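Please look over the sequence and the fold before reading on.

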Amino acid sequence: MHDHNRRQFLKTAAGATAALALSAHLSPAGAAVPPTAQVNTTGLAVTDAEVTVGDLHSKTGTMAISETGSIQAETLAIEQINAMGGVLGRKIKIIYEDGASDWPTFAEKSKKLLVNDKVAAVFGCWTSASRKAVLPVFEKENGLLYYPTFYEGLEQSKNVIYTGQEATQQILAGLDWVVKEKKAKTFYLIGSDYIWPRTSNKIARKHIENVLKLQVVGEEYYPLGHTSFNSLINKIKIKKPDVIYAIVVGGSNVAFYKQLKAAGVTSDKQTLLTISVTEDEILGIGGENVAGFYAAMKYFQSLDNDNNKKFVEAFKARWGKTAVIGDVTQAAYLGPWLWKAAVEKAGSFDVNKVAAASPGIELKTAPEGYVKVHENHHLWSKLRIGQAQKDGQYKVIHESGLLEPDPFPKGYQ
Amino acid sequence: MSPSEIGGIIAMQGFAGLSLFSVLLLMALGLAIIFGQMGVINMAHGEFMTIGAYTIYVFTTTAATYFPAFAPYSFLVAILGAFCIAFAAGYLAEYLLIRHLYRRPLDTLLATWGLSLGMQQIFRSTFGAKEVSPVIPEWLLGSVKPTEAIDIPINGLFVMGLTVLVTATVFLMLFKSRWGLRVRATVANRMMSNAAGINTKKVDRLTFAIGCGIAGVAGAAFTTIGSTGPTSGSLYIVDAFLTVTFGGAASLFGTIASAFGIAQTQSISEFFMTGSMAKVLTLLVVVTILMMRPQGLFASKVRR
């Protein structure tokens, strides 16, 4: 017992000396590096030279298709930040964990990152199911998660920063555009059968019926992985909707568009608006099968601005010439930059201080243009409409103003 | 709606049912041979289909890049390639893994499931985690229009034609060839076949490999209607097992009848209700019939 106390005393003393010595230490950029004891009061994995963060996505399993892009974007952002001198004079070290497309594994790995590794922040998750699985862990262990996917909303947590759009940002402006530009009167809503498409279509239906005073002629859900859509396509042919509003995901997505094309439902005869087909998905679907259809997202790889040109160039230099960048990949890229800005504003790595400092953070260097963190931890962002091209890219044909995130929209639930 | 439009919808809906029938039959044929004739629960069936899909991807993209003149026909050659590669992979899997587990069905189930996970990761490491799209030749895209109101998808016709061809070949081989005779003898009575001088081990290996090869052809054909990715095969595995089990494991006729029944139930119910409910109804029908006839639609005539 006595021995233990003595050891602890020595440790504290050593720490204090190190802290004193540090106040004189300079970062590569020449600015003074604040002592570790000052920027880390909660026992995070922060040393004088290094800060550790976690990266938690599915490298294996079904979801690897989608999450690979996010891992690449986060890695790139962190490498760029390190090349600029890191955060508060400390280089960022990444611990990668594989959620393996399995939600309990996500929860377990997040616990490992927060409890054993004491990471200062985690960039990760893709599906809502994985986010819901890790949320209690992040709230209990007081971690900080940057979540990149556009999602259904209805959630807000002190411990999560949502860098993708919530449903109203992605849906309302897109529907307004299609009504104005295409004079649409009737809609057919289609989705894969799980929470995101169902919640999104619920919001879409309320907007179409209550706000726009137009008509929904059909609303249908198909099991994940469903591969035969011929009966559905016949029903669409009977109802003749002005717009097909599609939120089909995964392997079903490819089958859906290939079969639409084969049944003669192409963009010259039918308007289709989707919120689930990014450039990543077109790789699998094939550009010729979606050419002419519209997507509503906040980011397209073809966006014409200087930030984006630099980003696309850096991404291809790092991950190969053939790499494509979808909406979520860009949102994942924002995570580390938003965290860096918040840490510097707070002058600390402590989760409470970083979370408190986050609202109001602006990012003028974002590839999508400009984003700002809202009080509710979502981002102010724009919505774009892109028209799919044969080469697998989107042509941006419309851009909204800056949209306020509203994860709990009144009148839409 | 005009009468001609209604007629068109009815015709297209009829085709949708037949199209689904041929998809189910094609995916289940390979499994029917392996599971039905050999009793091996091959959980990696979907991954052998994926081998076929990736073969198409490699063949067609290579052809499109290096031999553009040959590109429109590369698809047909690639299907043969898919059979050969899946056949070889199946042969190897039988030799290394399956043959040690013939008398332990539950262990085979676990082993082939492990095999499927391993194969998925191999696809992922080789071709990347993201889905790819093979170059589908122009002549396979779009639809034929017998009248103004009817669109018959060409890829559906193609899958249908291929299914007829493969099914007929399997039947010919099973009932007219030496191999077929030996397979049927082995299924009927292994001991007796051994005693009569049939090398049943060789028969097993060949049967397994042919089943896998047919899975490869199915996977190749489905690139025209579905996705090509590391886990694409898992989209089909449940339906394939459903079709074979419902039909009665050891009967090829049963597989055909069950594919037809499931396809019609599903496509008709999908037309009148939403997709998820149609699936529920189809499964309910299958489960109810299996409760009354646990041996499936067509019971095997094998003496147990």
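## Chain A as a whole

The structure is a predicted model. Chain A contains 14 helices and 15 strands. Along the principal axes, its C-alpha atoms fill a box of roughly 85 × 45 × 35 Å. A compact globule of 413 residues would have a radius of gyration near 22 Å, and the 23 Å of chain A agrees with this.

Of the 413 residues of chain A, 54% count as buried. Among contacts in chain A with a separation of 6 or more, 70% are made by residues 24 or more positions apart.

## Two domains in chain A

Chain A is divided into two domains. Domain 1 consists of 2–165 + 309–319 + 327–380, and domain 2 of 167–297 + 384–399. The centres of the two domains of chain A, taken over C-alpha atoms, are separated by 34 Å.

The contact between them takes 11 residues from domain 1 of chain A and 11 residues from domain 2 of chain A. On the domain 1 side, helix 3 (64–83) and helix 13 (327–346) of chain A are the elements that give two or more residues. The residues on that side divide into 4 nonpolar, 5 polar and 2 charged.

## Where chain A meets chain B

Between the chains, 35 residues of chain A are in contact with 38 residues of chain B. On the chain A side, the elements giving two or more residues are helix 3, strand 7 (215–222), helix 8 (230–239), helix 9 and helix 10 (279–285) of chain A. The chain A residues on this side comprise 13 nonpolar, 15 polar and 7 charged.

Helix 4 of chain B covers residues 105–127. At 1.5 Å a residue, its 23 residues should span 33 Å, and the 32 Å between its end C-alpha atoms agrees with that. Its buried residues include Thr108(B), Ala111(B), Thr112(B), Leu115(B), Ser116(B) and Met119(B). An α-helix has 3.6 residues a turn, so residues three or four places apart point the same way. The cover over the buried residues of helix 4 of chain B includes helix 3 of chain A, as well as helix 2 (45–66) and helix 3 (71–96) of chain B. Just after helix 4 of chain B comes Gly128(B), with a positive phi of about 90°.

The buried residues here are Asn155(B), Gly156(B), Val159(B), Thr163(B), Val166(B) and Val170(B). They pack against helix 9 (251–262) of chain A, and against helix 1 (3–38), strand 2 (152–153) and helix 8 (200–222) of chain B.

## Strands of chain A

In chain A, 3 strands form an open antiparallel sheet in the order 11-12-13. Strand 11 (362–366) and strand 13 (379–380) of chain A are the edge strands, each pairing on one side only. Strand 11 and strand 12 (residues 369–373) of chain A are joined by 3 bridges. In this part of the chain, Ala366(A) stands opposite Gly369(A) of strand 12.

Strand 14 (residues 384–388) of chain A is mostly covered, with 4 of its 5 residues buried. Strand 14 of chain A pairs with strand 10 (residues 294–297) of chain A in the antiparallel sense over 4 bridges, and Ala296(A) stands opposite Ile385(A). Strand 14 of chain A is also joined by 5 bridges to strand 15 (residues 394–399) of chain A, again antiparallel. There the bridge partner of Ile385(A) is His398(A). Strands 14 and 15 of chain A form a hairpin with 5 residues between them, and Gly392(A) in the turn has a positive phi of about 90°.

Which residues other than glycine have a positive phi? One of them is Lys240(A), with phi near 45°; another is His377(A), with phi near 70°.

Lys240(A) is in the loop between helix 8 and strand 8 (243–247) of chain A. With 12 other C-beta atoms within 10 Å, Lys240(A) is exposed. His377(A) lies in the loop between strand 12 and strand 13 of chain A. His377(A) is buried, because 21 other C-beta atoms lie within 10 Å.

Terms used
Residues numbered from 1 in each chain as written. Chains lettered and ligands numbered in written order. Predicted model: local features only at pLDDT ≥ 70, side-chain atom pairs only at ≥ 80, totals over all residues. Buried ≥ 20, exposed ≤ 12 C-beta atoms within 10 Å, placed from the backbone. Contact = placed C-beta atoms within 7 Å. Domains from an automatic or database assignment. Nonpolar A, V, L, I, M, F, W, Y, C, P; charged D, E, K, R; others polar. Rg over C-alpha atoms; globule rule 2.2 N^0.38 Å. Expected span 1.5 Å × (residues − 1). Pairing = 2+ DSSP bridges.
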